[in-house]
Amino acid sequence: MNNLLYAARPLISDFLPTIVFAILVAMKVDVRIATGAALLVGVAQVAIQKLLKRKIELLQWASLGLVVVFGTLGILTSDPRFLMAKPTIIYLAVGAVMLKRGWMLRYMPPIAREHGESLMIAFGYVWAGLMALTALANLVVAVALPSQWPAFIAVVPLTSKIALFAVQYATVRFYVRRRVIAEMAQVQAQAQAQAA
């Protein structure tokens with residue numbers, strides 16, 4: 001669980017301005033105030049990192065840049081859809097990174113990697129597809145149904161990822177277990193044949 005939380009921390013940090021914005025919009029706070037609060041959170045994050053002399057990762061700079069650009073456009077036009085579209089860009093960027101063949105293999109225990117490499121490579125592409133689909137869905141909801149966007153962003157991205165994780169875990173576990181059992185049966189059969 002600690003590894004999962006450790007991995008999620010940067011993602012939560014990158015999305016914090018968007019989370020603040022979504023909560024305020026859901027609470028019917030004025031768009032300019034919600035956008036200003038998201039901008040303030042994004043700038044404060046970078047300022048705190050600088051004060052603590054921590055390295056500011058490229059994705060965090062990009063996230064701040066998107067908040068500033070889309071936030072400014074949102075304030076100038078009084079249109080929250082600009083900031084609502086920000087997750088689309090992040091999902092597309094993450095999905096593009098996930099297109100790298102075998103990116104998931106480093107997260108697998110050795111036995112799973114040994115017996116399920118091809119399956120894990122395939123699931124890497126499925127994850128990239130899910131990110132692209134989430135990006136498209138976010139853009140559609142942000143543009144066509146902005147009043148529904150806070151509920152969408154709070155539920156759909158997380159539940160779709162949990163569902164895919166569950167399917168992947170069950171599939172890989174079943175597949176690897178079956179291959180290990182078959183391999184053990186083959187070794188036993190060979191040992192019995194040699195003993196006879």
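## Inside a predicted helical model

T18 is found in helix 1 (helices, H or I of at least four residues, and strands, E of at least two, are DSSP runs numbered from the N terminus). We're looking at a predicted model, where local features need pLDDT of at least 70, side-chain atom pairs count only at pLDDT 80 or more, and totals for chains, interfaces and linings use all residues. Residues are numbered from 1 along each chain as its sequence is written, and side-chain values use heavy atoms, with hydrogens and water left out.

- T18 has a relative accessible area of 5%, so it counts as buried (buried means under 20% relative accessible area, exposed over 50%, partly exposed in between, with a 1.4 Å probe and protein chains only).
- Skipping residues up to four places away in sequence, T18 touches K86, P87 and W149 (contact means heavy atoms within 4.5 Å).
- T18 and P150 sit 132 residues apart along the chain, yet 10.0 Å separates their C-alpha atoms.
- I12 also has its place in helix 1, which covers residues 2–26.
- Together, I12, L16, I19, I23 and M27 make a nonpolar surface patch of about 450 Å².
- Patch residues have over 30% relative accessible area and no salt bridge; like charges are joined within 9 Å, nonpolar side chains (Val, Leu, Ile, Met, Phe, Trp, Tyr) within 5 Å.
- A salt bridge is a side-chain nitrogen of Lys or Arg within 4 Å of a carboxyl oxygen of Asp or Glu, and accessible areas come from the Shrake-Rupley method with a 1.4 Å probe, where for residues only the protein chains shown count as cover.

**The nonpolar core**

- The largest nonpolar core has 36 residues, and F21, W149 and V172 have the most contacts inside it (such a core is a set of buried Ala, Val, Leu, Ile, Met, Phe, Trp, Tyr and Cys residues joined through side-chain atoms within 4.5 Å).
- Helix 6 gives the most to this core, with 12 residues.
- Leaving aside neighbours within four places in sequence, V172 is in contact with M108, L119, M120 and F123.

- In helix 5, the buried residues include K86, P87 and Y91.
- Not counting residues up to four places away, A135 touches T88, Y91 and L92.
- S160, found in helix 7 (residues 149–195), is buried at 18% relative accessible area.
- Beyond its neighbours within four places in sequence, S160 is in contact with L130 and T134.
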